[in-house]
Amino acid sequence: MNNFAFSPETVGHLLLAALFCLTVATGLVFKVASHKIDHRTAPAFMCLWVLAGLGLTFPLYGDLWYAGWQGLIEQPWLALLMLAKGGLLWLLFSQKQHLNKMSLSARNYTSPVAIGLMVFTNAAFGEQLATAELVAAMGLCALGLSFAFKGHLQDLPAQGKTLFGAAVLLTVACGTLDHILLTHLNWYVLLVVTNIILLAVVLLQRGGFGRLRESLTAPLAIAAGALFATTELVKFYQTVSYSPVTVVVTVQSATIPVLLILSALIWKERTWREQGLWGLLALALILPVILT
């Protein structure tokens, strides 16, 4: 009897489909959790479950840990950047989840605007800008401003608009730090160390141990954390083993219109046609940045 096995191309396609579904599911579960669980608990269940996933995959990627740790010892200044990244992640995850409670679409629209700005900030640290990237980045920033004045963000109170702006800037800061760190270290050691720092920041907060306990006992926190961790690990495994980074990022970006439409259908955030248009415009401008 012949053993049945999928070809590498088929496995890659299946993983991309899984990544798409996981990204959508994670967005929806986080939205539900935002109404049931304090937004300051989000950093706890996210880092806890990512660390659990990294522990499970250590037999596969342990060599990356040792290589990355050696690089960190030789360049101790990178530890300062990781400390900054851990603190910024706490702010980013908690602010985004707070915004999520008000508007799933606004929470997801932080990504296109941040991608546009990151093209400029990463260029300051050595990334070369193609003309298409520059035009797309300017378009994304303009689209973000349009969403602020014409999209669902307009319906939010002043606090929601402030959270949106903070989430965009924090996403840019974290993305730029990743760009710098990944030129010196590998992804595995970066994820392990920054999530350990994030866990420490969680525990230093008032009520941190209670939030950590909730991350291990509340069904919604477990579901959100496990989905987030699985999505991150599938993304990195896909990137390392089967697909270029561009393809993986494109697949995740393609979930933006889906999530915006679902935000209209389920949570009545404007109409599904309007939300779909905002999502498609964002995707159309993201693609030149990714594919250039």
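**Figure 1. Contacts across the chain in this predicted model.** Residues 24 or more positions apart supply 82% of the contacts in the protein chain with a separation of 6 or more. As for burial, 50% of the 292 residues of the protein chain count as buried.

Figure 2. In total, the secondary structure comes to 13 helices and zero strands. The radius of gyration of the protein chain is 19 Å, close to the 19 Å that the globule rule gives for 292 residues, so the chain is as compact as a globular protein of that length. If you are setting up a view, the C-alpha atoms fill a box of roughly 55 × 50 × 45 Å along the principal axes.

**Figure 3. Helix H5 packed with helix H13.** Two packed helices are described by the angle between their axes and the distance between those axes. Here H5 (residues 104-123) and H13 (residues 272-291) pack at about 25 degrees, with their axes 11 Å apart. Because angles under 35 degrees count as roughly parallel, H5 is roughly parallel to H13. The crossing of the two helices, H5 and H13, is left-handed.

**Figure 4. Side by side: the residues where H5 and H13 meet.** From H5 come Ser105, Tyr109, Pro112, Ile115 and Val119. They meet Gln275, Trp278, Ala282, Ile286 and Val289 in H13.

Notes. Residues numbered from 1 in each chain as written. Predicted model: local features only at pLDDT ≥ 70, side-chain atom pairs only at ≥ 80, totals over all residues. Heavy atoms only, no water. Axes fitted to C-alpha atoms, helices over the stretch in contact; angles between N-to-C directions. Helix = DSSP H or I, 4+ residues; strand = E, 2+ residues; numbered from the N terminus. Parallel < 35°, antiparallel > 145°, perpendicular 65-115°, else oblique. Left-handed = near helix turned anticlockwise from the far one by under 90°. Contact = heavy atoms within 4.5 Å. Rg over C-alpha atoms; globule rule 2.2 N^0.38 Å. Buried < 20%, exposed > 50% of the residue type's maximum accessible area, 1.4 Å probe, protein only.
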